[in-house]
Amino acid sequence: MSQDNNKYVPPKVWTQDKDNGGKFASINSPTSGARYDKELPVGDAPLQLYSLNTPNGVKVNILLEELAELGIDGAAYDAYKIDISKGEQFGSGFVEINPNSKIPALVDHSTDTTEGPIALFESGAILMYLAEKFDKFLPLATGKARADCLSWIMWQMGSAPFLGGGFGHFYAYAPEPLEYPINRYTMETKRQLDVLDTHLKDNEYLCGNDESDYNIADMIVWSWYGQLALGKLYDAEEFLQVEDYKHLQRWAKKIAERPAVKRAVALELKPID
C-alpha cells in the first residue's frame, strides 16, 4: 500500500498484512475450509438445523415453524447454535455440510437413499427444498404464481448483500464511520425499501392479496427488510426513516404477528458442546 496525501492507493497485489478491523475482524480470512476438528451433534428429529438467529438464520426458522403450525410431523427439527462470533462455522463438521462456512445449514436425515442424508446450505436453497418437499408455501406448478415467488426469492438473495454486507457493515460494524460507503449503501438500501413499498401498495403479500399467497418469498424478504422496517436491525430506523414506507410497514407488522414468526425470531438454539 502506498500513501499520497492520506489517500489509499490499492497495491498491484493484495496481501493480508494487517488486521482489517471491525466487529468480525478476528474471524475474517481470505481462505476457506475447516480450522479445527469438531463434530456436529445430531438429534432424533428428521431435520437438523445448524444456525444462528441472524436475518439469514431466521428465514429458515420461520418456514420450519410455519410447517409446525400446520402439524407436519416430517418437518420436526432439532436446532443447534453456530456462534459465528466464536468461529464455530469453521469446525470440521460444519464445513463438511457447508463448505462456505456460513449459517444456516440443514441436514435432512429422513431421506432413504444410498447417498445418505441430504445436506443443504444457503438459506434460499434450504427454503425452496423444504417448501417443495412438503408442498407448502411455494407454488409447484409452472405459471405466474411460481414465477412471482421465485422472482422475489432471487430479488432478496441478490439485494440483501447490499443491505447487510454493505450498509450494515459500514454503518454498524466498521472500525470507523466513512462517508462514501455509508452514503453509497444507504442510497441503495433506501432504493430497495422503496421497491418493496411501491410493490406492496397494491399487494397484501409479495405474491398476491389472498392468505394463500403468503409464501417463502414473504418469509425470506421479511427476515431482512421486514425486520429492518420494524427497527430490529443496526439501530438504523431513524437514520433510514423507515416509518416513511407505509405499505412496507403494514406488511412487516402483519407478518410479525404470525405465531410461527414470533416463535421463529425467538427460537432457542442448543449450544454445541
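The following questions and answers go through a predicted model of one protein.

Me: What kind of model is this, and how are its residues numbered?
Reply: The model is predicted, so local features need pLDDT of at least 70, side-chain atom pairs count only at pLDDT 80 or more, and totals for chains, interfaces and linings use all residues. Side-chain values use heavy atoms, with hydrogens and water left out, and residues are numbered from 1 along each chain as its sequence is written.

Me: How many helices and strands does the protein have?
Reply: Helices (H or I, at least four residues) and strands (E, at least two) are DSSP runs, numbered from the N terminus. By that rule the protein has nine helices and seven strands.

Me: What radius of gyration does the protein have?
Reply: The radius of gyration is taken over C-alpha atoms, and the globule rule is 2.2 Å times the number of residues to the power 0.38. With 273 residues, a compact globule would come out near 19 Å, and the value for the protein agrees with this: 20 Å.

Me: What share of the residues of the protein counts as buried?
Reply: Buried means under 20% relative accessible area, exposed over 50%, and partly exposed in between (1.4 Å probe, protein chains only). Of the 273 residues, the buried share is 45%.

Me: What share of the contacts with a separation of 6 or more joins residues 24 or more positions apart?
Reply: A contact means heavy atoms within 4.5 Å. Among contacts in the protein with a separation of 6 or more, residues 24 or more positions apart account for 69%.

Me: How much space lies in the largest pocket?
Reply: Rolling a probe the size of a water molecule over the atoms shows where empty space is left. On a 1 Å grid over the protein atoms alone, a cavity is a set of points where a 1.4 Å probe fits but cannot get out, while a pocket is an open set with protein on both sides within 12 Å along at least five of seven lines; lining residues have an atom within 4 Å of a point. Grid points are joined across faces, edges and corners, and a volume is the space filled by probe spheres set on the points. For the largest pocket this gives about 1,400 Å³.

Me: Which residues of the lining are the closest to the centre of the largest pocket?
Reply: The lining holds 46 residues. The closest to the centre are Phe24, Asn56, Ile84, Lys102 and Trp224.

Me: Which element gives the largest share of the lining of the largest pocket?
Reply: The elements that give two or more residues to this lining are helix 1 (55-69), helix 4 (144-173) and helix 6 (216-229). The largest share is eight residues, and it comes from helix 4.

Me: How many residues of the lining of the largest pocket are charged?
Reply: Ala, Val, Leu, Ile, Met, Phe, Trp, Tyr, Cys and Pro count as nonpolar, Asp, Glu, Lys and Arg as charged, and the others, Gly among them, as polar. The lining has 19 nonpolar and 20 polar residues, and the number of charged ones is seven.

Me: Is Leu52 buried or exposed?
Reply: Leu52 is found in the loop between strand 3 (47-51) and helix 1. Leaving aside neighbours within four places in sequence, its contacts include Gly57, Ile84 and Leu269. Leu52 has 16% relative accessibility, so it counts as buried.

Me: Which peptide bond is cis?
Reply: Pro104 has its place in the loop between helix 2 (92-97) and strand 5 (105-108). The bond in question has omega near 0 degrees and runs from Ile103 to Pro104.

Me: Is Asp235 buried or exposed?
Reply: Asp235 lies in the loop between helix 6 and helix 7 (237-240). Its phi is near 50 degrees, a positive value in a residue other than glycine. With a relative accessible area of 68%, Asp235 is exposed.

Me: What is the relative accessible area of Tyr214?
Reply: Tyr214 lies in the loop between helix 5 and helix 6. Leaving aside neighbours within four places in sequence, Tyr214 is in contact with residues including Ile62, Phe137 and Val261. Tyr214 is buried, with a relative accessible area of 3%.
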